[in-house]
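Notebook open, viewer running. I'm jotting down what I look up as I go.

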Amino acid sequence: MKIFCFLLFFLSSLSALYAQLTPHDQLKNDSLLTLLKTGHTDSIRARAAFHLSKLWIDNDSTKGVQFLQQGKILAKDNEYLNAIYRYQSIRSYKDKQEVKALLAIFNRYKNPDSWDYAYRLSINRVTWLINQPQPEEAIAMLQQDVIPLVRKLKKPNFQAEINLEMGRAFYNQGMNNKAVPYLEKSAAIYESIQPKDRVLLLDHAHTLTVLANVYHTLMNDKADSVIQRTKSLLKQAPSLPQELRIVSLAAMRLNQSGKFQAAEQLINQTLVKTNGVPVRYLLSLHFQRHKARMGMGDYRAALHLLQQSHPIDSIQHHPTKYAAIDLSELLPAYAKTYEKLGDYKLASAYWQQYIQHRDSVSKDQIAAEISKLEVQLRTQEKDAAIQTLEAAQSETALRLKNQRILNGLFAAAAVFLLTVLGFILYIYRSKQRANKDKIQQIETDSKLGVANALLEGEERERQRIARDLHDSLGGSLAGIRIQLSASRQEQHAPDPTIDRAIVQLEHAIAEVRRIARNMIPESLLARGLDIALQDLCAAFSPSSIHIEYQSSGLSPDIPILIQTNIYRVVQELLVNAIRHGKARQIIVQCIQEDNRILLTVEDDGQGFKLEDTVKNPGIGLQNIQRRVDYMQGQLSIESEPGEGTAVNIEIHVD
């Protein structure tokens with residue numbers, strides 16, 4: 001069984017021997033090559049090179065590495081692109097510090113692309129931890145890093161991967177009953193995804209193979225139906241590595257049920273298709289063929305098959321070359337075969353090697369078997385001492401049996417105590433997590449309440465100042481102008497001083513009215529958000545600057561406070577684009593789809609480095625972020641020096 005588990009890991013690397021670029025991937029390859037040659041910026045071309053590397057790395061590793069290095073050159077000093085390079089260059093997910101450093105970078109960029117990279121980095125680290133095995137750290141990483149990312153990305157196949165890794169974590173710990181629900185859920189999610197491409201079909205087949213293996217370990221007949229379902233998937237997406245796995249498992253099932261001839265026939269039919277496949281990838285099939293021969297009673301042929309596929313001397317002298325073989329199963333196989341052939345000396349030697357190789361609770365059972373074989377060996381050599389040796393063997397067996405019973409009682413008690421302690425720890429941690437979530441929610445609500453009060457107070461103060469400017473100062477200035485005009489009419493001769501004062505007063509009155517309108521956008525209150533934004537863009541459009549406004553589906557029922565905040569955000573962004581970015585072309589888009597509002601402001605200005613704004617954000621950007629946080633929205637900024645700026649905001653309204 002352990003040979004089969006190790007083989008699953010090695011067969012996954014075999015897929016590269018048979019992978020070819022599918023028609024869909026070929027089209028993608030052609031499109032990416034065009035983008036790599038004609039992309040407007042180095043950043044776009046670097047992303048194309050990284051995607052080409054990922055596309056080719058499993059088909060032509062040399063070409064994949066070339067594209068990866070080309071992307072690194074194009075990335076220059078861009079932090080995000082260099083993080084992608086480092087992620088695709090990782091050789092082993094053993095380096096915990098490198099994984100944490102890359103996750104920190106990806107998490108700083110709050111967009112679906114960075115979340116996708118963070119998810120793949122985390123799930124690969126989890127897979128490595130499970131294979132070690134280090135299940136506690138793997139499950140902790142699933143809970144802290146992977147699951148929150150899956151909730152953001154909302155991709156069902158990612159949820160299926162999480163359940164698969166949880167199931168594998170429990171399975172590697174021997175907790176098969178706990179593994180089953182996770183693996184069944186993973187398989188059900190894959191089953192629900194329609195339609196499936198080749199990658200999803202193979203992922204579905206892999207999950208079913210693991211589930212069938214767990215069912216087999218539990219001696220559950222569901223394994224047979226799962227094997228048949230896996231075969232039907234492989235007919236839609238043929239894969240020799242996947243077929244080798246499922247055939248090996250099917251042969252195990254046949255051997256377990258005593259159908260040895262059927263098992264051997266199935267294995268022989270499969271081996272015909274494996275010309276050119278390295279022998280190490282076929283070890284599990286050969287081992288099951290040996291077991292089939294043993295079951296049929298052909299011990300000599302069984303030994304010959306075992307020696308051919310699993311040469312024990314070579315395996316012991318070259319452990320790295322035969323890393324997929326578990327001696328804890330191979331040594332007993334040799335011992336039992338020689339025992340059946342009557343060669344008790346070699347059988348005893350292999351049992352001795354097994355005890356040296358594995359120190360576990362089953363040592364007493366194996367020691368008893370060795371004592372039995374040693375008695376039989378001495379019986380062949382010394383017929384005269386047979387009765388004495390048999391008596392000694394019986395006494396030893398009885399003592400060992402009593403010891404095994406006592407050990408079993410202690411083990412059962414230990415398992416019970418560990419289960420109780422584990423349950424108590426689980427309840428304690430669950431309560432801790434619940435309390436932590438509750439505290440975080442209270443803090444979030446408190447911050448939103450403070451932000452709401454600040455924004456409402458700010459708007460009220462704006463309205464008060466605007467009314468004072470319009471009604472008081474504006475009225476006073478208008479009155480002065482009327483008096484000066486009346487005085488001017490009473491004089492017969494022109495007075496340049498009074499004329500200049502009247503003109504200056506008219507400018508002052510217009511400026512006061514403009515400031516008042518900016519502080520209280522009358523068109524927003526009277527005609528709604530769409531017209532107000534249109535008027536705002538027109539007001540910011542002198543002859544040298546072109547501002548294009550686009551809108552779609554904006555509802556007049558949007559809460560007035562949300563409308564006001566959106567208006568203020570656009571107002572601030574236009575000021576930044578014109579004053580700081582020196583933009584000449586600006587596009588403002590405001591689109592509503594159901595209860596979601598998408599706001600985009602793009603300009604062709606000077607641009608800036610994002611890392612500078614992260615370290616030292618200006619007052620304007622802080623105000624924008626504060627308003628977006630109040631509306632519980634998401635803010636994304638894309639900018640490079642000399643390439644303009646794009647600001648994307650997503651807001652959900654009730």
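In which sense do β1 and strand β2 pair, and over how many bridges? I find β1 and β2 (residues 585–593) pairing in the parallel sense over seven bridges. Two strands pair here if DSSP finds at least two bridges between them. Helices (H or I, at least four residues) and strands (E, at least two) are DSSP runs, numbered from the N terminus.

Provenance, before I go further. This is a predicted model, where local features need pLDDT of at least 70 and side-chain atom pairs count only at pLDDT 80 or more, while totals for chains, interfaces and linings use all residues. Residues are numbered from 1 along each chain as its sequence is written, and side-chain values use heavy atoms, with hydrogens and water left out.

**Entry 1: the sheet**

I traced the strand order as β1-β2-β3-β5-β4, an open sheet of five strands with mixed pairing. β1 (546–552) and β4 (634–639) are at the edges with a single partner strand each, so one side of each has no neighbour in the sheet. On average, neighbouring strands are turned by 10 degrees against each other, direction ignored. For angles, axes are lines fitted to C-alpha atoms (for helices, over the stretch in contact), and values run from 0 to 180 degrees between N-to-C directions.

Contact means heavy atoms within 4.5 Å. Helix α25 (residues 560–579) lies across β1, β2, β3 (596–603) and β5 (645–652), and runs at about 15 degrees to β3.

β4 and β5 pair in the antiparallel sense over six bridges, with glutamine 634 opposite glutamate 650 in β5. Their hairpin has five residues between the strands, and in it glycine 642 takes a positive phi near 85 degrees.

**Entry 2: aromatics**

How many aromatic pairs does a search of the whole structure find? I get nine. Rings of Phe, Tyr and Trp (its six-membered ring) pair if their centres lie within 6.5 Å; planes under 30 degrees apart count as stacked, over 60 as edge-to-face and the rest as tilted.

Tyrosine 80 and tyrosine 109 make a tilted pair, at 4.9 Å centre to centre with 55 degrees between the planes. Tyrosine 80 is in helix α5 (residues 79–89) and tyrosine 109 in the loop between α6 (96–108) and α7 (112–131), so this pair ties together parts 29 residues apart in sequence. Both tyrosine 80 and tyrosine 109 are buried (under 20% relative accessible area; exposed is over 50%, partly exposed in between, 1.4 Å probe, protein chains only).

Tyrosine 119 and phenylalanine 158 are both buried. Ring pairs also link Tyr80, Tyr87, Phe106, Tyr109 and Tyr117 into a cluster.

**Entry 3: whole chain**

I count 27 helices and five strands in the chain. Of its 654 residues, 41% count as buried. Among contacts with a separation of 6 or more, 62% come from residues 24 or more positions apart.
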